[in-house]
Amino acid sequence: MRRTVGALLRKELLVELRTLESVPGMSLFAVTTFVVFHFALNRNVVEGDLAAGILWVTLLFAAILGINRLFVADAEEGGFDGFLLAPVDRTAMLVAKALTLLAYLVVLELVAVPAFALLLLGPSLGQALPGLLAPLALGDLGVAAIGTLVAALAVRTRARDLLGPLAADAGAL
Amino acid sequence: MPAVEVERLARRYGEREALSEVSLSLQEGQTLVVFGPNGAGKTTLLRVLATLLRPHGGSVRVLGARLPDEAWAVRGRLGLLGHEPLLYRELTAYENLRYHARLHDVGDQRVHELLELVRMDGRSREPLRTLSRGMVQRVAVARTVLHAPELLLLDEPHANLDPAAVELVAPLIGSASGRTRVICSHDPSGGLAEADVVLGLRGGRATLLRRAAEVDRAEIAELYR
């Protein structure tokens, strides 16, 4: 199982490094959204529930961009068939995809959280970071698990671009 | 025991019957060539035998395993070369083969050996999207035989290959490979030359099933009229 997950994870990250289809889009979306909030609210500082809400909603919507594309290469290039023909545990694909999404989320947050701090957070990032780390890590684990499941269910449907986000939102709620 | 044994196989896509009442038997080491016009059910038959589609009726045994219940026992023992190469366009030939080698628990040595055999060792570090269709097909052939499968399921295996490449892959997927093979073909001459048994499909039904020596080209041509 570990060998299979390793092979799948390596393949996923290589494909993303070559195409840059998910992580740059997710990061750009998050940063742009913070810029929009910055000007729309006409405030340099947000606090409490409002700050948490802006951060989580933005990260969740950015994650959906990655979730939507998580299985696309496999569906379009015969990756599922290639995997199904191998004598390996099917669960390995779900685990590898969840780890891939987790990696995407971590990279997203490395870009998005400093941008959030710069544009909308009162205290400096250094002050806020200790309090953010644990919720972000737990949130990432949840989004990665639910997002992978949703992406796997949605990828074979014609309305996957709609179904994926709706189901991911419902799951996150 | 036959390598492939199919009795009254049925497979539907929604209301449409893709295969109906198809029966055949193929001994180990033999080659079955399947002829039939587009939409006759050839690819569906291959995908059922490959465990990628469940049969909706009848019984299917592949390498002694009853499908779909014992599909796990046959995966890894068959190689499928279909219309899609089952390779990632953004990865190189080497990366694709190494990925499949890991899934099948095959060492890197075999990957290098196959890249040399299909003469792709010189272009093995380039993404597949930059290669010609013929080159991608050669890599797909290497992927198909990477794990030394007992049964080869080949859907128009020479598509996109030039004559030199056809000769190149012959030791891997041709009769010289010594493997049991099921081949879908539209080439009556080439197909008959390879076949021990011929199956003709039309509208999902078997209209011809005989030893190749007893079939002439006119009967194959009739399938397409």
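How many bridges pair strand 1 (residues 4-13) of chain B with strand 2 (residues 16-26) of chain B, and in which sense? Seven bridges join the two strands, and the sense is antiparallel. Strands pair when DSSP finds at least two bridges between them. Helices (H or I, at least four residues) and strands (E, at least two) are DSSP runs, numbered from the N terminus.

This is a predicted model, in which local features need pLDDT of at least 70, side-chain atom pairs count only at pLDDT 80 or more, and totals for chains, interfaces and linings use all residues. Residues are numbered from 1 along each chain as its sequence is written, while chains are lettered from A and ligands numbered from 1 in the order in which they are written.

**Strands of chain B**

Strand 1 and strand 2 of chain B form a hairpin with two residues between them, and Gly14(B) in the turn has a positive phi of about 65°. Strand 1 of chain B also runs antiparallel to strand 4 (residues 57-62) of chain B, joined by five bridges.

An open sheet of six strands in chain B has the order 6-7-8-3-9-10, with mixed pairing. Its edge strands, each pairing on one side only, are strand 6 (78-81) and strand 10 (205-211) of chain B. From one strand to the next the twist averages 15°.

Within this sheet, strand 3 (residues 31-35) of chain B has five of its five residues buried, so it is largely enclosed by the rest of the structure. Buried here means 20 or more other C-beta atoms within 10 Å of the residue's own, with C-beta atoms placed from the backbone. In a regular strand, side chains alternate between the two faces of the sheet. In strand 3 of chain B, Thr31(B), Val33(B) and Phe35(B) lie on one side and Leu32(B) and Val34(B) on the other, and both faces are covered. Strand 3 of chain B is parallel to strand 8 (residues 180-184) of chain B over four bridges, and four bridges also join it in parallel to strand 9 (residues 197-202) of chain B. Strand 9 and strand 10 of chain B pair antiparallel over six bridges.

| Residue | Opposite residue | Strand of the opposite residue |
|---|---|---|
| Leu9(B) | Val22(B) | strand 2 of chain B |
| Val6(B) | Val60(B) | strand 4 of chain B |
| Val34(B) | Cys184(B) | strand 8 of chain B |
| Val34(B) | Leu199(B) | strand 9 of chain B |
| Gly200(B) | Leu208(B) | strand 10 of chain B |

**Helix 1 of chain A**

The axes of helix 1 (residues 2-19) of chain A and helix 3 (residues 93-103) of chain B come within 8 Å and cross at roughly 160°. Helix 1 of chain A is therefore roughly antiparallel to helix 3 of chain B, the term for angles over 145 degrees. Axes are lines fitted to C-alpha atoms, for helices over the stretch in contact, and angles run from 0 to 180 degrees between N-to-C directions. Arg3(A), Thr4(A), Ala7(A), Lys11(A) and Leu14(A) meet Glu95(B), Tyr99(B), Arg102(B) and Leu103(B); contact requires C-beta atoms, placed from the backbone, within 7 Å.

Helix 1 of chain A also approaches helix 6 (residues 91-120) of chain A, with axes within 9 Å and a crossing of roughly 40°. Among the contact residues are Leu8(A) and Leu9(A) of helix 1 of chain A and Ala96(A) and Leu99(A) of helix 6 of chain A.

Terms used. Buried ≥ 20, exposed ≤ 12 C-beta atoms within 10 Å, placed from the backbone. Contact = placed C-beta atoms within 7 Å. Parallel < 35°, antiparallel > 145°, perpendicular 65-115°, else oblique.
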